[in-house]
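Hi everyone, thanks for coming. Have a look at the structure on the screen, and I'll walk you through a few parts of it.

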Amino acid sequence: MQTLILPAPAKLNLFLHITGRRADGYHLLQTLFVFLDFGDEITLRVRDDGAIHRPAGAEGVPEAADLTVRAARLLQQMSGSPLGADIQVLKRIPMGGGLGGGSSDAATVLQGLNYLWRCGLSTDELAALGLRLGADVPVFVRGHAAWAEGVGEQLTPVSLPESWYVVIHPGVHVPTAELFSDPGLTRDCPPITLATFHAGLGINVFQPVVEKRYPEVTAALRWLSRYSNAVLTGSGSCLFAPVSSKQEGETILQCLPNDWFGFVASSANVSPLQQKLLTLSTLHN
Ligand SMILES: C[C@@](CO)(OP(=O)(O)O)[C@H](O)COP(=O)(O)OP(=O)(O)OC[C@H]1O[C@@H](n2ccc(N)nc2=O)[C@H](O)[C@@H]1O
Ligand SMILES: Nc1ncnc2c1ncn2[C@@H]1O[C@H](COP(=O)(O)OP(=O)(O)O)[C@@H](O)[C@H]1O
């Protein structure tokens, strides 16, 4: 097969604590990742000439800087594959929203081209390659909801009750690196366990910092909190809130102010990418 269409799902951080800092400045986190059945779509077409091109992709992201192109080049270099690819990215995940779109796109390309180019790299090897592109890439490569520590790469798979969520993008782009360097960020959270989180004690430490810098996020938080418990995902700017059904979520969105974008999605313990890869491996075994 020379062409493959694969999903690149969004993620939510159900809580996010910072417990310390590494010598290189990277922050040590505790977070809980779940996937959404909402995301980008990536079409991969194998090229015999070894070139990597991105005929369509994220608006305003130059081809060479696109995480999909960087992922393909890294895999080519590590595997020694003589093959190339055309990578078309249909963007649906808002950028800079804490939904992990760029990281997910990169993970989908690593998994997809490993399959199409028959590189034979293991999931562990692909996750390690992914970590070189970004702290959030390994969880998307592994494709299972996870309790994460370290910089987000020490992953323990978890199975949580799947739920519907309303997700709101308040129209602002939050640069992750800038947020991590905010002096007001709480960096000394005491370590917690999954049981503590279930007892309702997890928060997102970015939330007060983002609210202070971006009034639009505060306004959206207040709006969504009228319907359900609204929380920031990652370093923002997106907010999410659990709802009891898809219909309830859609009813809430009917009242969404025009400047904001919103969608309803279900969480998934196994990512839509992983589900598709499992189908492919069943078909070809
Ligand atoms: C905050 C989180 C939570 O899931 O997600 P987003 O809000 O970006 O989606 C992640 O930790 C983001 O991971 P990712 O977006 O892959 O970050 P990277 O590209 O690796 O790093 C961007 C910059 O953020 C800072 N950074 C990132 C991760 C980390 N654990 N400590 C950091 O200090 C570093 O300054 C780094 O240069
Ligand atoms: N394929 C891609 N999709 C989205 N953003 C990308 C991509 N490749 C590189 N980027 C860069 O990564 C930044 C962060 O994007 P994204 O992953 O969507 O946000 P977040 O880290 O907040 O979840 C973007 O602003 C963009 O400059």
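Predicted model: local features only at pLDDT ≥ 70, side-chain atom pairs only at ≥ 80, totals over all residues.

Residues are numbered from 1 along each chain as its sequence is written, and chains are lettered from A and ligands numbered from 1 in the order in which they are written.

Okay, the answer: α1 and α2 make a right-handed crossing. The names come from DSSP runs, numbered from the N terminus: helices are H or I with at least four residues, strands are E with at least two.

Two packed helices are described by the angle between their axes and the distance between the axes. For α1 and α2, the axes come within 8 Å and cross at roughly 35°. An axis is a line fitted to C-alpha atoms, for helices over the stretch in contact, and angles run from 0 to 180 degrees between N-to-C directions. On the α1 side, the residues that meet α2 include Leu 67, Ala 71 and Leu 75, and among their partners in α2 are Gly 102, Ala 106 and Leu 110. Contact here asks for C-beta atoms, placed from the backbone, within 7 Å. By class, this contact has eight nonpolar, four polar and two charged residues. In that count, Ala, Val, Leu, Ile, Met, Phe, Trp, Tyr, Cys and Pro are nonpolar, Asp, Glu, Lys and Arg are charged, and the others, Gly among them, are polar.

Now the other neighbour of α2. The axes of α2 (residues 101–116) and α3 (residues 123–131) come within 10 Å and cross at roughly 140°. These two helices are therefore oblique to each other. Under 35 degrees would be roughly parallel, over 145 roughly antiparallel, 65 to 115 roughly perpendicular, and the rest is oblique. Here α2 gives Ala 106, Ala 107, Leu 110, Gln 111 and Asn 114, while α3 gives Leu 126, Leu 129 and Gly 130. That contact has five nonpolar, three polar and no charged residues. In the loop between α2 and α3 sits Arg 118, with a positive phi of about 50° although it is not a glycine.

On to the ligands. Which helix gives the most to the shell around ligand 2? It's α2, with four residues. Ligand 2 has 21 residues around it, and Gly 101, Gly 102 and Asp 105 are among the closest. A residue makes that list if its C-beta atom, placed from the backbone, lies within 6 Å.

Ligand 1 is surrounded by 19 residues, with Asp 136 and Ser 235 among the closest. Its shell divides into seven nonpolar, 11 polar and one charged. Asp 136 turns up again in UniProt, where an unreviewed entry places "active site" at Lys 11 and Asp 136. Those two are spread over 126 residues of sequence, yet the largest C-alpha distance is 9.7 Å. Lys 11 is in strand β1. UniProt positions follow the numbering used here, feature names are shortened, and annotations may be inferred rather than shown by experiment.

Ser 237 is in the loop between β8 and β9.

Terms used
Contact = placed C-beta atoms within 7 Å. Left-handed = near helix turned anticlockwise from the far one by under 90°.
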